[in-house]
Amino acid sequence: MPSLTPDRRPAETPSRPSSSHIANEAVSQVRDPPRGPTAAPTPEPERETPPAAPSTSDAAAVFDSLLEVKGELFKGRREVLRDSYIPSRLPHREHQIHQVAEVLAPALRGDLPSNLLIFGKIGTGKTAVVAQVRRDIERRAEVSEHIQFIYINCGNIDTPYSLLQMAGNTFAAKESDRIPTGWSLDRVQAGMRRLMDTKARTVILVLDEIDRLVVRSGDGVLYTLSQINTELANARLVIVGISNDLKFTNNLDARVRSRLNEEKILFPPYDALQLQDILRERAKEAFRDGVVDPGVIERCAAYAALEHGDARRALALLRLGAEMAERDHAKRITPDHIVKAKNRLEQDVIIDCCRTLPTHCKILLYAILQAYERRRTGVLTGDVYEGYAKLAQKLGLQPLHARSVSNHLSDLEALGLIRATIVSRGRGGRTREIIVDVPIAETLPALEEDPLLAPLGRPRNRGQLLLTNFDNPARTTPY
Ligand SMILES: Nc1ncnc2c1ncn2[C@@H]1O[C@H](COP(=O)(O)OP(=O)(O)OP(=O)(O)O)[C@@H](O)[C@H]1O
Ligand SMILES: [Mg+2]
């Protein structure tokens, strides 16, 4: 049995804060005119696009160039590579589909299925499998009358009230039947039961990210839901909980735990070969024939396999790689585009992390980045202190003492944003030299988003986006 932990941290970047954040699709900066294609020569005929008319603004030029390449790589809807798309086949999840279907099958015969908990690390296909089983059940005309699915992502639900209200309102035939806001919790519970009970049916309530509900609101609402069948006259409720956190049931009341835990299914992480199969199927649906170079799928799969076999990550790499290729006006997606996509995804995680630093830590990082940007070599700690103090004063703040600054430096290092190495200065003794591990051109504006640091902002060359090579930051290149 695979070991599962609640950790959402990418294995590749252990020192960085965890995030399930997926890159923004659009690179927000206006770029230099795209360089020539990076792909190998291609047998396809040249495009016969007429030259774009002169644009009135930089943004217009970008739109023109993006429209010009539209459709070169993607065959149809690019949603095929997104999370919301449920493919018709889920390779390497046949066994889990079978298991989930087996647990829910009694509902097809009019019997009450057991409650079910599904566990697995992120991107292991839990949501997709349940969505597919639901689709297959709903397609059977004979059951559509007496089986009703409700899907709720608990990550988007703030309170037990909104969960019960949302579940109840699924059955409201008309506006006046709906549970409004502002009732007592008891009244909402009664209202939900009344609405559910209007028909003899089996309600399959899917609570995705159920652990987040418990963290946010405790297990009270799960207690209510797990014993609701004793109070329903016509309808019956089954709960399918989905979670990344195998241990979340430890925090549940023993009665709730045993009721929810009637059946349990574990989703193991995908390995690199399984991810390749998944990507190949999706690529076939998404791209025109012959536009995916050899090595592309393998590289996406290898990167994602390192991150505990996350299919979402693998698909994001492929989609972003294709978008990078489009912006290069390339006719094929190459392994290099996937490397750039990987850098881009990591960069987004890092920038999010910078946004959450305490103010003085942000100022310190800002001073380091400024000095590094000017010199393009390591910065000595003495210069960092000086630069930090100047910036703090400029912002009307009292600079921290050297010891506190040193602690902040250690924090930045622990987060993997900078690296400090000891350098010998001959008779002058030894000092620390700081090297930056974040993309400067993107991080400075992110720090300036803090209103306290905003006065430090200055116009900068918007035409260039730096893509940091995290394996070797010195080789950071403009994209
Ligand atoms: N076997 C598979 N075949 C095709 N696509 C898959 C497969 N497994 C997962 N995917 C795709 O990978 C993405 C992530 O899958 P899914 O959302 O089901 O993961 P999850 O286990 O629910 O993750 P999380 O715990 O983060 O919610 C989705 O786009 C899904 O369609
Ligand atoms: Mg999910």
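Axes are lines fitted to C-alpha atoms, for helices over the stretch in contact, and angles run from 0 to 180 degrees between N-to-C directions. The model described here is predicted.

On these terms, helix α4 (residues 160-169) packs against helix α5 (residues 185-196) at an angle of about 20 degrees. Their axes lie 8 Å apart. Angles under 35 degrees count as roughly parallel, so α4 is roughly parallel to α5. The crossing of the two helices, α4 and α5, is left-handed. From α4, the contact takes Pro160, Tyr161, Leu164, Gln165, Ala167 and Gly168. From α5 come Leu185, Val188, Gln189, Gly191, Met192, Leu195 and Met196. The contact of α4 with α5 comprises 9 nonpolar and 4 polar residues, with no charged residues.

A second pairing involves helix α10 (residues 296-306) and α11. Their axes come within 8 Å and cross at roughly 140 degrees. The helices α10 and α11 are therefore oblique to each other. Their crossing is right-handed. In α10, the residues in contact are Val296, Cys300, Ala301, Tyr303 and Ala304. They meet Ala311, Arg313, Ala314, Leu317, Leu318 and Gly321 in α11. By class, the contact of α10 with α11 holds 9 nonpolar residues, 1 polar and 1 charged.

Helix α11 (311-327) also contributes to the shell around ligand 1, as does α3 (126-139). Each supplies at least two residues. Around ligand 1 there are 19 residues, of which Ile122, Gly125, Thr127, Ala128 and Ala311 come nearest. The shell divides into 8 nonpolar, 7 polar and 4 charged residues. Domain 1 (69-85 + 271-353) and domain 2 (94-267) each provide at least three residues of the shell around ligand 1.

Methods:
Residues are numbered from 1 along each chain as its sequence is written. Chains are lettered from A and ligands numbered from 1 in the order in which they are written. This is a predicted model: local features need pLDDT of at least 70, side-chain atom pairs count only at pLDDT 80 or more; totals for chains, interfaces and linings use all residues. A residue is near a molecule or strand if its C-beta atom, placed from the backbone, lies within 6 Å of it. Helices (H or I, at least four residues) and strands (E, at least two) are DSSP runs, numbered from the N terminus. Ala, Val, Leu, Ile, Met, Phe, Trp, Tyr, Cys and Pro count as nonpolar, Asp, Glu, Lys and Arg as charged, and the others, Gly among them, as polar. Domain bounds come from an automatic or database domain assignment. Angles under 35 degrees count as roughly parallel, over 145 as roughly antiparallel, 65 to 115 as roughly perpendicular and the rest as oblique. A crossing is left-handed if the near helix is turned anticlockwise from the far one by less than a right angle, and right-handed if clockwise. Two residues are in contact if their C-beta atoms, placed from the backbone, lie within 7 Å.
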